[in-house]
Amino acid sequence: MEKVSCNVIQDILPLYIDHTACDDTRMLVEEHLQECESCKKAYRELQEELLVPVDEGMKKRDAEEIRRFKKYLSRKRFRMFFISAAGVMALTVGVIFFMNHYIRHIDYQEAGFTFIEEDAEEVCFKDDIRGNYRWYNELDRDTGIMTIQYEQSLWQRYVERWDPPFDHMVVFLKKDMIKVVYADPDGTETTVWEATEEEKERYFQQERGALG
């Protein structure tokens with residue numbers, strides 16, 4: 001095989017240093033460098049020239065660009081976190097508001113009234129409603145009839161039900177009424193308690209006495 005000249009080897013040294021030469025060419029250059037001090041020196045000089053360290057100013061510029069990019073990402077992540085947190089908070093407030101303002105009426109069957117005790121002075125009963133509730137009553141003194149009605153928000157039904165249990169006991173004084181009726185949302189009235197005939201007579205005598 002004819003020996004390759006130094007000029008040819010030095011012409012392809014840049015390709016050899018950049019690792020862009022083919023394997024056969026690289027092998028040819030390496031064999032030549034083992035034997036030729038002149039080309040070996042040229043190889044070292046060219047290698048130092050091509051592999052110049054990065055300029056310090058360039059390093060600083062790159063570092064500044066990286067810092068700015070990281071700062072941008074940090075701000076973007078903060079904005080995304082803030083927007084997400086605000087969205088979750090708004091949704092939570094909306095759900096709580098809805099659950100506290102959506103009121104459902106409780107019918108007689110759901111109330112599940114159960115008598116506890118009754119004596120000459122008062123009558124006591126409890127209900128079986130889950131969670132807290134609001135109740136309204138209206139007494140007609142002319143007839144002695146007390147009308148009651150319960151209602152409940154979604155919050156009271158599904159959230160407050162996990163609070164310590166409420167003592168859902170109701171006490172009515174017999175001297176104030178002779179009958180308690182529960183009014184359903186559809187207008188149906190169901191008797192919860194009614195006085196005896198003797199108690200009714202005593203009530204109306206009491207009322208006439210108060211009027212006299």
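Let's start with a term: buried means under 20% relative accessible area, exposed over 50%, and partly exposed in between, with a 1.4 Å probe and protein chains only. Ile83 has 55% relative accessibility, so it counts as exposed.

Now, what are we looking at? This is a predicted model, where local features need pLDDT of at least 70, side-chain atom pairs count only at pLDDT 80 or more, and totals for chains, interfaces and linings use all residues. Residues are numbered from 1 along each chain as its sequence is written, and side-chain values use heavy atoms, leaving out hydrogens and water.

The overall picture next. The chain has 212 residues, and 27% of them are buried. Seven helices and eight strands make up its secondary structure. Helices here are DSSP runs of H or I with at least four residues, strands are runs of E with at least two, and numbering goes from the N terminus.

On to contacts, meaning heavy atoms within 4.5 Å. Take those between residues at least 6 apart in sequence: 61% join residues at least 24 apart.

Back to Ile83. Where does it sit? In helix H4, residues 56-101.

Last stop, Lys76. Helix H4 holds Lys76 too. Its relative accessible area is 39%, so Lys76 is partly exposed.
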